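The following briefing concerns one protein model and is intended for use beside its sequence and coordinates.

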Amino acid sequence: MKFLVANVLFALVGAALAADSSQKNPLYWTYQYVIATSDEELSVAQLVFDLPEMHPEMCDREMLDLLAEFLANANVNDPSYRPGLKEVFGILEMREAARYRTVAQQVANRAHDSAIRSLAANYAKHHTESVPQYVPGTIDRAALRRQYASNALSSRHPAELAVSLATLPLNGGVDRQFVIAGKPDAVVGYQRRMTDGLFVHIRTPYMYHYYRGIGRVTYQYKNGIGWLMRKVTINPLAFEPEMPYRDFAAEFKLPDDETLDMTMLLSGDGPSAQTAAKINHDRSGPAPAIILDTAAELLLAKYRSPIELEQRDAYGWFCRLLSHKGGPRYANVLETVETGAVDEKLRRYAALKVETAPGANPVPYVPGTIKLADLASVYPVPYPSVSVPRVQ
């Protein structure tokens, strides 16, 4: 009997230690961050696929409650969410399945998509044990997101961190990153998907770890192995829009989105300028006039000179932005660049069809209307430049 009791106690202590260890595990923290901060199926898809396959020890109550809260807020009317939500329900069944019956019932009531509604209804039907329920809203994800944002805003990383990150071994795991750099300030999950609509279905999962004012570490998922480090990108400004505190810019008294876009456009950094141009190109409504005018002046200031490789994509996006969002106002600017640009690719970008661009100023832009040097003093870059001897 003593032997049996001793073994039971050892098992209980071992389980407790395993749970405690999993909560301190960098991957555990990373998964919780993504689940707490995203409502996108593409963001959490690989996480919920990986958890039961590779890390069942991380499927403790804390993780499952967080997944249940994600499920309670998920877009249950989007058919593309079906596979991911099916896997979430599968994980919730791993420990205390009946605890999440209330969540399943709510999903079934909200879902217009018949497959998702059936999935949730079947879960509730098959787990009828009388147990205390997880009540949606018990975990305040809004408060968690605000705390993550506040933590990121208070981060101050030394330039030496860039050098340390650049030493991360290719194909290494997340643990090494946490050892040398600590927790990132933001994590974003993503899946790139390709299909022929019938037989071929390819998904390539990525996970991005961001350090404020330093750069990004990119991981790709390898089936049967896990997350492998693929690239370290050192760029202090280019990933600023990914920082969680941007969602609280007004509350934290930070520059608004237009100010940040202008800062990135005028930074002289190709990737940062490209990001700002793409953001404004992809927005649903008209782009701000100051953004368009600045892009026009940047083109006019550069088109007669060779364009560095890291700048080329940015100038291509300037052309897209002006032709699609600026419309006829910038037709003369684009024509000037098309006929006179030294860079052949830039000439091709400038030849894009000029669209009508509803809501844009129709008055032709007059070169020199704004002064780049004056604007640069108004929108200074908030981070010092960072250089490393080697970037992967």
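Predicted model: local features only at pLDDT ≥ 70, side-chain atom pairs only at ≥ 80, totals over all residues.

- Arg101 belongs to helix α6, which covers residues 101-110.
- Although Arg101 is buried, no salt bridge is found for this residue.
- The nearest side chain of opposite charge to Arg101 is that of Glu129, 5.0 Å away; a salt bridge would require a side-chain nitrogen within 4 Å of a carboxyl oxygen.

**Packing of α2 with α4**

- Helix α2 (residues 26-37) packs with helix α4 (residues 61-73) at an angle of about 20 degrees, and their axes lie 9 Å apart.
- Angles under 35 degrees count as roughly parallel, and α2 and α4 are therefore roughly parallel to each other.
- The crossing in which α2 passes α4 is left-handed.
- From α2, the residues Tyr28, Tyr31, Gln32, Ile35 and Ala36 meet Glu62, Met63, Leu66, Leu67 and Phe70 of α4.

**Overall architecture**

- The protein has 17 helices and four strands.
- Its C-alpha trace spans about 90 × 50 × 45 Å along the principal axes.
- The protein has 392 residues, of which 46% count as buried.
- Of the contacts between residues at least 6 apart in sequence, 72% join residues at least 24 apart.

Conventions
Residues numbered from 1 in each chain as written. Heavy atoms only, no water. Helix = DSSP H or I, 4+ residues; strand = E, 2+ residues; numbered from the N terminus. Buried < 20%, exposed > 50% of the residue type's maximum accessible area, 1.4 Å probe, protein only. Lys, Arg positive; Asp, Glu negative; His and termini not counted. Axes fitted to C-alpha atoms, helices over the stretch in contact; angles between N-to-C directions. Parallel < 35°, antiparallel > 145°, perpendicular 65-115°, else oblique. Left-handed = near helix turned anticlockwise from the far one by under 90°. Contact = heavy atoms within 4.5 Å.
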